[in-house]
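Here are my notes on the structure you asked about. Please read them with the model open beside you.

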Amino acid sequence: MNSPTGFLLGFQRREGLASCHTNGSPESLFRKQAKAFRAKDSRSIATIVLDTFRPIAYCIDPREGRKEKMTVKLEPGCIIENADLSGVDFAEIDLAGAALTRCVLRDVQFTGTCLQDARLTQVRLIRCRFANVDMRDAIFEDCSFIDDAGHVGAQFAFSRLDQARFRRCDLSFAKIDRSTLFGVEFDDCNMRGAEFHKADFSRTFGRKLVKTAAALRGCNLEFADLNGVRMPDCELSNSNFREAVLFDSDLEGADLRGSDLVLALTAGAKFARADLRGADVADLNLRELATLDGMIVSAGQQPHLLAAMGLDVYPD
């Protein structure tokens with residue numbers, strides 16, 4: 001059977017065929033609804049699986065002008081390809097270790113969902129919200145979290161993104177609010193205009209031991225809001241922070257080599273021990289920084305830094 005191109009989950013009716021959600025409905029209702037399914041031919045089959053009220057996804061596969069139905073369980077380790085899951089209620093569903101490929105999720109609310117160790121590849125998540133979601137160790141590759149117009153991004157609130165990996169994803173205008181991101185990795189991601197509000201990149205290992213770890217390599221953070229973010233000793237190399245808001249941020253010991261800091265707002269930021277070699281530091285005013293002891297720069301960057309402080313630099 002070909003890969004499905006659409007899934008329905010909920011209590012709906014499509015072309016006289018009923019599909020039903022398992023949440024909060026008695027088993028008798030499911031048996032009654034199951035009778036509403038009639039197979040038109042051997043290639044058009046619809047079933048309901050009464051499996052301890054586990055949510056079931058219903059697939060629609062358009063082929064030569066007709067629709068073919070099958071059931072897919074939304075459960076740990078499930079594999080879903082070429083699916084349209086728009087409008088599906090993923091609340092409280094365990095999808096640990098699940099694999100989604102070339103799927104579309106529009107206006108989906110992930111609330112209390114478990115996506116730990118899940119792998120999403122070439123998935124479009126349009127206007128989706130993640131609240132209290134477990135995304136630890138999840139992998140996102142070539143995924144888009146932006147709407148069609150390119151103005152509304154995904155929302156992450158009170159979620160766990162520890163050690164999650166995002167590769168070549170579009171997270172433009174994403175809002176990450178009061179979530180944990182220890183060990184998270186963003187590689188070659190577009191995070192233009194993203195907002196980090198009380199995002200926590202640290203983890204406590206003891207009464208006096210707190211470590212911070214994160215990597216944003218080759219990412220576009222133009223116009224991003226990282227006001228007050230704490231990312232000491234994190235890897236931020238080759239990223240674009242042009243006109244980003246870095247007020248009062250802690251970047252001590254961070255690897256900023258090859259990054260673009262032109263017109264970044266850095267008043268009150270901590271840059272002690274940060275490595276800025278190869279970075280574009282035009283307009284970086286050292287006087288506005290809270291700390292800069294041990295900051296590493298190259299000889300070629302000195303004239304730009306001195307000029308930003310109002311000093312006139314002349315050749316020997």
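Predicted model: local features only at pLDDT ≥ 70, side-chain atom pairs only at ≥ 80, totals over all residues.

1. **Overall make-up.** The protein has 316 residues, and 47% of them are buried. Its secondary structure consists of two helices and 21 strands. The accessible surface is about 15200 Å². Carbon and sulfur atoms account for 47% of that surface. Take the contacts between residues at least 6 apart in sequence: 26% of them join residues at least 24 apart.

2. **An open sheet.** Five strands make up an open sheet with parallel pairing. Their order is β9-β12-β14-β16-β18. The edges are β9 (109-111) and β18 (195-197). Each of these two has a single partner strand, so one side of each lacks a neighbour in the sheet. On average, neighbouring strands here are turned by 5 degrees against each other, direction ignored.

3. **One pairing in detail.** How many bridges join β16 to β18? Three do, and the two strands run parallel. Strand β16 covers residues 175-177. Its Asp177 has His197 of β18 as bridge partner. In general, strands of a sheet pair through backbone hydrogen bonds.

4. **Salt bridges, the count.** The protein has 19 salt bridges. As background, side chains of opposite charge can pair when their charged atoms come close. The next points take up some of these pairs.

5. **Asp142 and Arg168.** These two form a salt bridge, with the closest N and O atoms 2.8 Å apart. Asp142 sits in the loop between β13 (139-141) and β14 (155-157). Arg168 sits in the loop between β15 (165-167) and β16. The pair therefore ties together parts that are 26 residues apart in sequence. Asp142 is partly exposed, at 33% relative accessibility. Arg168 is partly exposed too, at 44%.

6. **Arg192 and Glu222.** This salt bridge has its closest N and O atoms 3.8 Å apart. Arg192 lies in the loop between β17 (184-187) and β18. Glu222 lies in the loop between β21 (214-217) and α2. So the pair links parts that are 30 residues apart in sequence. Glu222 has 18%, so it counts as buried, since the cut-off for buried is under 20%.

7. **Asp275 and Arg277.** The side chains of Asp275 and Arg277 meet in a salt bridge at 2.6 Å, N to O. Asp275 is buried, with 10% relative accessibility. Arg277 is partly exposed, with 40%.

8. **A network.** Which residues are linked in a network of salt bridges? They are Glu185, Asp187, Arg217 and Glu235.

9. Leu311 belongs to the segment after α2 (302-308). At 40% relative accessibility, Leu311 counts as partly exposed.

How values were computed. Residues numbered from 1 in each chain as written. Heavy atoms only, no water. Pairing = 2+ DSSP bridges. Helix = DSSP H or I, 4+ residues; strand = E, 2+ residues; numbered from the N terminus. Axes fitted to C-alpha atoms, helices over the stretch in contact; angles between N-to-C directions. Buried < 20%, exposed > 50% of the residue type's maximum accessible area, 1.4 Å probe, protein only. Contact = heavy atoms within 4.5 Å. Areas by Shrake-Rupley, 256 points an atom, 1.4 Å probe, with all protein chains shown as cover. Salt bridge = Lys/Arg side-chain N within 4 Å of Asp/Glu carboxyl O.
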